[in-house]
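Subject: Handover of a structure and notes on its findings

Dear colleague,

Please find the structure below, followed by an account of what was found in it. I should be grateful if you would read the notes with the structure open.

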Amino acid sequence: MDLSFTDDERAFRQEMRQFFRTKIPDSIRAKVAEGEGLTKDDLVTSQRIMNDHGLATVNWPVAWGGKDWSPVQVYLYQDEMQQANAPTPIAFNVSMVGPVIAQFGSEEIKARFLPKTASAEIFWCQGFSEPGSGSDLASLRTRAERKGDKYVVNGQKIWTTLGHYGDWIFCLCRTDPTAKAQEGISFILIDMNNPGITVRPIYLIDGGREVNEVFFDNVEVPVENLVGQENKGWDYAKFLLGNERTGIARVGISKAKVARIKELAALEMSGGRPLIHDERFREKLAAVEVELKALEMTQLRVVADERKLEKGKQNPASSILKLKGSVIQQQLTELLMEVVGPYAMPYQRDFEGRNEAPVGPEYATEAAPMYFNYRKVSIYGGSNEIQRNIISKAILGL
Amino acid sequence: MDFDLSDDQRLLKDSVDRLIADKYQFTQRKKYQAEPTGYAAENWEALAELGLLGLPFEETLGGFGGGAVETMIVMESFGRGLVLEPFFATIILGGGLLRRAGSAELRGALVPRIVAGKLKLAFAHVERHSRYDLHDVMTTARKDGSAWVLDGAKSVVLHGDAADMILVTARTAGAQRDRDGVGLFLVDARAPGVTRRGYPTQDGLRAAEVTLTGVRADQCLGTSALPIIEHVVDEAIAALCAEAVGAMQVMNEMTLEYLKTRKQFGRTIGSFQVLQHRAVDMLTELEQARGMAMYATVMSTEADPVERRRAISAAKVQIGKSGRHIGQEAVQLHGGIGMTAEYAVGHYFKRMTVIDQLYGDADTHLRQLARLGGLFGHAA
């Protein structure tokens, strides 16, 4: 048992640190640190830079621009990216649709989509959830009816994150309404510029626009846009959802938040002294730090184990990464809001573009919205209750 | 980075696990506990034969030459068995102090006897007012010619009644709570002026109240030994964390088995979602604790006391929290049977409760960690 990194791994970490802190523009990293929403341009710019250095799609097959890295290298890459407050490469492109196309798509569809997906020339969004199909995703009803060399798509998707940035959407559609729920679903790629598609915003409790409803009204899609086989889409969706194992804990992001909380709590005064000297506050923060360290250890154990496991098998510890990681992220946003005290109150989203000075310190403006917004992390990607169902069945055998 | 055990470590683990499986079924444990000493002399001999009593000592003195990882392996296994023998008191605490503070001569005289199972040790440091502060010492040590004479009273000395020799903290200089002037002395447990009142503790192990009246110490291991004592205690906390992981693992296994077999309303109770989710939370707590026990193990040998303390305190916080959660839930999910003395799960719960109170409970260590600035965002 040796928890230290090798010299090579340390050098690799240094290289990653250097890259993320010098090549990703400071203006973008500052927005991430403050929890300010990123524009499409920010996300695309950052991803292009990473892609130009071969660092956007490290999880892909080598033939399509991936890296044959060890799990430790992948971990260090993520950790440094997150601690540098660099934006994660667009998840819909890099960890969702890209790997599905690379794994299940024809050579033709790979050549057509993968390079543009890597360079973010296409900004993807995800069409999975529907109003009636949240946790019970397989009950989805959006219909893709085969008519000659086209599918005609009708239905509605919801919670489409950054759908308003999307150039294309990958959708789960029902292609065989007579089959069992999981067996009649296909994975189809749809150009958002198609006639018949309407994107309508859903404003969240933080006041931001992040998710959308997407309506399909007789949208015609060429059959070449089917990924893999018809009616096998559920298998591909499971592959997609199971792909993200260790990054989901977002340990690096939480570490960056702890550092920021300490930095700001040294500036904010409470009882005539910096808040960071308040015992009650310090202990609350320390309690979260303990959980975060434990999660990091769990993540490292998963990472170290990955090379020994058969493909597709999971270390039992990996199952708790999302569960625990989401709660820690939420606790840190609570603390960050507490740090700014009364300056958490002013709602300043309406000031955007008006050139008014912020009320209170600049760093306070996003504290409360981020707290509200982060309630999502225990809901999306399979709510924590669904995670518990999965762990109970798959790990505990209950 | 590598969480694997070496071949030798794997062999050690196999042999200790086998010993626990053979000798430490719950019904066997009850018999040992009923002995006047509260443990089985034959088990102590078995530990000696396996070489486990030499675990941390140098090989030239007949020891095993093991490090922190070897200690972790043994303690985790002992946690599974709820071992009653004075291994922690003699080998981890007493042995640790001898190893770090004892002269070569003293080690040469005592270690072979410890390894052979002929000498048991205890560490006396708690006083009525000291709570978890190792530096809060009223017991006095004064020089009488070349000898040191000790006066004071020590509480909850783990296995103090079984010990042949006791390591005692006593003040050689300074005020009650000064960090300087905390001496470490070796006392013959049967020396004139030593009185001991032994008693069982909540977890079925034993401890003693020890009073010292004009006791002439055999040896002074340091007149101002706090840094060394704190390092040994940090190593001991790492060992307790490993033991706790073993105990929590058993509670989770027992609870899971119960959920899968106990039937009510015509179905196994593990089919109820409300219980499934609670079992998942127990697993989460265990995995978080396991990671921190490993972290504590690795960091326990760190020379920088601040770095080491941060890690050890963080681990003790996690272990205390996980242990309380898993212990309480294990009893609750078993229902009435979990409350009974004849069923094992409650005994694991009680051991976890005691472990939280040894060398600083979760709140004490959380406060300490907070005062040291937390875990993240330091230059290192």
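Just after helix 4 of chain B, B:Leu82 takes a positive phi of about 55°. Helices here are DSSP runs of H or I with at least four residues, numbered from the N terminus.

Before going further, please note that this is a predicted model, in which local features need pLDDT of at least 70 and side-chain atom pairs count only at pLDDT 80 or more, while totals for chains, interfaces and linings use all residues. Residues are numbered from 1 along each chain as its sequence is written, and chains are lettered from A and ligands numbered from 1 in the order in which they are written.

Helix 4 of chain B covers residues 68-81, and its end C-alpha atoms are 20 Å apart, which agrees with the 20 Å that its 14 residues should span at 1.5 Å a residue; the expected span is 1.5 Å times one less than the number of residues. This helix is mostly covered, with 12 of its 14 residues buried. A residue is buried if 20 or more other C-beta atoms, placed from the backbone, lie within 10 Å of its own. Among the buried residues are B:Glu70, B:Met72, B:Phe78 and B:Arg80. Their cover includes helix 1 (7-23), helix 5 (87-101), helix 7 and helix 8 of chain B.

The largest nonpolar core has 174 residues, and B:Cys241, B:Met292 and B:Ala315 are among those with the most contacts inside it. Such a core is a set of buried Ala, Val, Leu, Ile, Met, Phe, Trp, Tyr and Cys residues joined through C-beta atoms within 7 Å. Helix 7 of chain B provides the largest share of this core, 18 residues. Leaving aside residues up to four places away in sequence, B:Cys241 touches B:Met292, B:Ala293, B:Ala296, B:Ala315, B:Lys316 and B:Ile319; two residues are in contact if their C-beta atoms, placed from the backbone, lie within 7 Å. A second, separate core of 51 residues includes A:Ile90 and A:Trp234.

Where the chains meet, 33 residues from chain B and 37 residues from chain A take part. On the side of chain B, helix 8 gives the most, with 13 residues.

In chain A, the domain assignment, which is automatic or from a database, gives domain 1 (7-89), domain 2 (124-232) and domain 3 (245-394). The centres of domain 2 and domain 3 of chain A, taken over C-alpha atoms, are separated by 31 Å. Six residues of domain 2 of chain A are in contact with seven residues of domain 3 of chain A.

Conventions: Helix = DSSP H or I, 4+ residues; strand = E, 2+ residues; numbered from the N terminus.
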